[in-house]
Amino acid sequence: MREILPPLLDTLIVLLMVAAGLWSWRRIHYRSFWLLAGYPLTALSVRATWRKVALGCGLTKKRQRWWFTLTPGAVASTGLVKVRRRFQRVAVDTKPWMWLPLPTRYGWRVTIRTLEGQIPEDYAEAAERLAHSWRVHAVRVSSPRPGRVVLAATMRDPLVRVDQVPASSELLKVTVGRLETGKPWVIDFRTVPHWINAGATQSGKSNLANALIVGLAPQPVALVGFDLKGGVEFTPYAPRLSALATCRAESVRLLDDLVALMVDRMGLCRQAGARNIWQLPPAIRPVPIVALVDELAELYLMADKSEKDEIAKTSTALLRVAQLGRAFGIYLFCCGQRIGSDLGPGVTALRAQCSGRICHRVNDPETATMTLGDLDPAALISARSIAAETPGVAIVASQDGQWYRARSFYVAEHAAEHAARMYADLTPSWAELTEGTHHAEINDADLDELLNA
Ligand SMILES: Nc1ncnc2c1ncn2[C@@H]1O[C@H](COP(=O)(O)OP(=O)(O)O)[C@@H](O)[C@H]1O
Ligand SMILES: [Mg+2]
């Protein structure tokens, strides 16, 4: 006993030291720890347990196989099937073929060859089961080509901490946060002109608007704001805003101006034989305008009957901007707690024009459904499971039909205010912008031509 104890103690100490070393390595430099120690072990265990996991998640298929055994009945051959005769045809559960898992920044991904009759949705449905089986934060499914699915596992939520806003390099393109995949979350108005940004109060809608203001302020664009809650949100950014509407009358006027500007730009494009302002020579190209709406519902809600006409006008004008803005460089970013059809038919039509969708934490499933439309049901589940403790986390639907979980950079009001003041001299004056525009209604023939262009 005496002789065994010291070596045992030594081994214990060495083991403890190794464990402590690994633990601190993981704490100090997670990336290298993951690549050199975490990932290889994970890859091995994922491969080793794939049959069990696939079986448990319902991703296997029964197949007939010939089976041979030397001692019939005695062994459950390879632990899979019991073979009673020497040579027998048996049904076995076959797993989908799995390639080697590859490390990613926040986990790993692996390509799977689907079995006959399987579609990527089968894997998407099993994604949560897979995540629990592999003890990872989430598994996302994509399909690069028929017959293949890629399962991307994230080890832990990469959106817990999201750091600084990088400077934007391109016109109308702003990196507002980070996607769950570790890639930047980019809002690019030139590819997706109009956006709906939905969420409950305190979910991070204004923070995202702040990030946009910080990103757009240094760019040669005009920013206009609609803030019908008395201007509490956008007034601090007034130095960088070319126009700000804080009440019903102002918003009607501002929308009128925007429509007039569009008509004007339409004429300009027609003269130059261009389809949109981007085909015009830079010298005569009008400045792009981004319109930020703080609470969309406020534009549609009626305080009393007398506002009915104004609301109808607002609704039509906003819809016109959404329909034609893309070609003439006027972009919408509409934030709102509620974007449902209860606000009137105008909202539904507007929603249909906004191809960019962002859904922060919401209180009711309807808002998530309305924001994300007919996306994958998993996106809706993911949207509804955003925790209140992580404001700024949102589900983002982009033009490629994919959806992502993302988190905006934290941009406090004072940071946006600072940017607005710093770049105040880049603010185009609204009077100059709208100079010479005639407030003509768009006639139906023009509208038809434009919508079908
Ligand atoms: N991306 C984020 N990271 C960290 N905190 C955030 C983030 N977005 C929002 N917050 C915090 O959440 C709170 C609510 O955000 P806010 O944008 O005002 O929500 P909303 O406009 O939807 O009511 C803010 O006080 C802010 O500090
Ligand atoms: Mg807000």
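Helices (H or I, at least four residues) and strands (E, at least two) are DSSP runs, numbered from the N terminus. What you're looking at is a predicted model, where local features need pLDDT of at least 70, side-chain atom pairs count only at pLDDT 80 or more, and totals for chains, interfaces and linings use all residues. Residues are numbered from 1 along each chain as its sequence is written, while chains are lettered from A and ligands numbered from 1 in the order in which they are written.

**View 1. Here H10 packs against H11.** Helix H10 covers residues 365-372 and helix H11 covers residues 377-384; their axes sit 10 Å apart at an angle of about 135 degrees. That's why the pair counts as oblique (under 35 degrees is roughly parallel, over 145 roughly antiparallel, 65 to 115 roughly perpendicular, and the rest oblique). On the H10 side, look for Pro365, Ala368, Thr369 and Leu372, which meet Ala379, Leu380, Ala383 and Arg384 of H11 (contact here means C-beta atoms, placed from the backbone, within 7 Å). Sorted by class, that contact has six nonpolar residues, one polar and one charged (Ala, Val, Leu, Ile, Met, Phe, Trp, Tyr, Cys and Pro are nonpolar; Asp, Glu, Lys and Arg are charged; the others, Gly among them, are polar).

**View 2. Now for H8 and H9, whose axes come within 9 Å.** H8 spans residues 308-328 and H9 spans residues 345-353, and the two cross at roughly 10 degrees. So H8 is roughly parallel to H9. H8 brings Ser315, Leu318, Leu319, Ala322 and Gln323 to the contact, and H9 brings Gly346, Ala349, Leu350 and Gln353. Five of these are nonpolar and four polar, with no charged residues.

**View 3. This one shows H5 beside H12.** The axes of H5 and H12 (residues 413-422) come within 9 Å and cross at roughly 25 degrees. H5 is therefore roughly parallel to H12. Their crossing is left-handed. Asn210, Ile213 and Val214 of H5 touch Glu413, Ala415, Ala416, Ala419 and Ala420 of H12. That contact holds six nonpolar residues, one polar and one charged.

**View 4. Zoom in on the shell around ligand 1, with its 13 residues.** Gly204, Ser206, Asn207, Pro391 and Gly392 come nearest (a residue is near if its C-beta atom, placed from the backbone, lies within 6 Å). Helix H5 (205-216) and strand S19 (403-408) each give two or more residues to the shell. H5 has the largest share, three residues. By class, the shell has two nonpolar, nine polar and two charged residues.

**View 5. Last stop: stretches named in the UniProt record.** The unreviewed UniProt entry lists residues 6-25 and 32-50 as "transmembrane region", though such annotations may be inferred rather than shown by experiment. Residues 6-25 are 100% helix, with end C-alpha atoms 28 Å apart. Residues 32-50 are 100% helix too, and their end C-alpha atoms lie 26 Å apart. UniProt also places "domain: FtsK" at residues 182-369, a span with 41% helix and 19% strand.

Notes
Axes are lines fitted to C-alpha atoms, for helices over the stretch in contact, and angles run from 0 to 180 degrees between N-to-C directions. A crossing is left-handed if the near helix is turned anticlockwise from the far one by less than a right angle, and right-handed if clockwise. Two residues are in contact if their C-beta atoms, placed from the backbone, lie within 7 Å.
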